[in-house]
Amino acid sequence: MSGTGTTSAAILAGGHARRFDGRDKSRLVVEGHPIIVRQLRVLQPLADEIFVVAPDPARFADLGLKVYADRRPGLGAIGGIETALATAGGDRVLVLACDLPFVTEALLAELVARAADGDGAWVRGARGIEPLIACYRRSALAAVDAAIDAGRLAARGLADVLRMREIGPAELDAFGGEVLLLANVNTPADYARVQYGGR
């Protein structure tokens, strides 16, 4: 699978989850299902291929997914994005952090649609851009590589080098609302909160 018009999806699961004592956040159960299983359900209708960016393939063997380690380990989110773009076969690459249980197919489909030109599209919430709820053009890899080479390692700093369209705060209500869509599981307190719809 490759070429113009195709879409890949990468679930980024390479974090150390230090605030979770190293537990695999992608396997935390929300509303009866592990987060990564919930994500696969919304990605499958949209993507021609789905893979995981993580250092340990054995963690995902039961899901039948290909797993790729970071090309440049230790860079955090921007390293995961770079690996996703370098690995994907599709022209557009959905990139999703593994700890977001409430992203919807409709939201991701809109990101794919808005990534038809430029370098892609991402969500902008009240806290700013969300580079791990995004659809990048694979052609953005050169700019991401250049940013890393220059020591610009903050993923949100990609806003300075990429031409990205956005789904902004005022639009998120149509897809389920910012509180729900952007609810992630960074801490045990976050995990408790998502059990109540991210509130």
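1. At 2% relative accessibility, A13 counts as buried (buried means under 20% relative accessible area, exposed over 50%, and partly exposed in between, with a 1.4 Å probe and protein chains only). A13 sits in the loop between β1 and β2 (29-30), where strands (E, at least two residues) and helices (H or I, at least four) are DSSP runs numbered from the N terminus. Leaving aside neighbours within four places in sequence, A13 is in contact with V52, V53, A54, P55, R59, F60 and C98, contact meaning heavy atoms within 4.5 Å. The C-alpha atoms of A13 and I36, which are 23 residues apart along the chain, are separated by 9.5 Å.

2. A note on the basis of these values: this is a predicted model, in which local features need pLDDT of at least 70 and side-chain atom pairs count only at pLDDT 80 or more, while totals for chains, interfaces and linings use all residues. Residues are numbered from 1 along each chain as its sequence is written, and side-chain values use heavy atoms, with hydrogens and water left out.

3. Helix α1 is mostly covered, with seven of its nine residues buried. The buried residues in α1 are I35, I36, R38, Q39, L40, V42 and L43, a list that includes the charged R38 (Asp, Glu, Lys and Arg count as charged; Ala, Val, Leu, Ile, Met, Phe, Trp, Tyr, Cys and Pro as nonpolar; and the others, Gly among them, as polar).

4. The largest nonpolar core has 35 residues, and those with the most contacts inside it are V52 and I133; such a core is a set of buried Ala, Val, Leu, Ile, Met, Phe, Trp, Tyr and Cys residues joined through side-chain atoms within 4.5 Å. At least two residues of this core come from each of β1 (3-12), α1 (35-43), β4, β6 (90-97), α3 (105-114), β7 and β8. Not counting residues up to four places away in sequence, I133 touches V95, L96, L100, V103, L107, L108, L111, W122, V123, L181 and L182. Apart from this core lies another, of 25 residues, among them A10, V53, I78 and L141.

5. Helix α2 and helix α4 (residues 141-149) pack at an angle of about 145 degrees, with their axes 10 Å apart; the axes are lines fitted to C-alpha atoms over the stretch in contact, and angles run from 0 to 180 degrees between N-to-C directions. The contact is made by I78, E82, L85 and A86 of α2 and by L141, V144, D145 and I148 of α4, and by class it has six nonpolar, no polar and two charged residues.

6. E82, which lies in helix α2 (residues 77-87), counts as buried at 1% relative accessibility.

7. The structure holds two aromatic pairs (rings of Phe, Tyr and Trp, the last by its six-membered ring, pair if their centres lie within 6.5 Å, with planes under 30 degrees apart counted as stacked, over 60 as edge-to-face and the rest as tilted). The rings of F51 and Y68 have centres 5.4 Å apart and planes at 90 degrees, so this pair is edge-to-face. F51 in strand β4 (residues 49-53) and Y68 in strand β5 (residues 66-68) are 17 residues apart; F51 counts as buried at 1% relative accessibility, whereas Y68, at 29%, counts as partly exposed.

8. The rings of W122 and Y136 are also edge-to-face, because their centres are 6.2 Å apart and their planes are at 85 degrees. W122 lies in strand β7 (residues 120-125) and Y136 in strand β8 (residues 128-137), so the pair ties together parts that are 14 residues apart in sequence. Both W122 and Y136 are buried.
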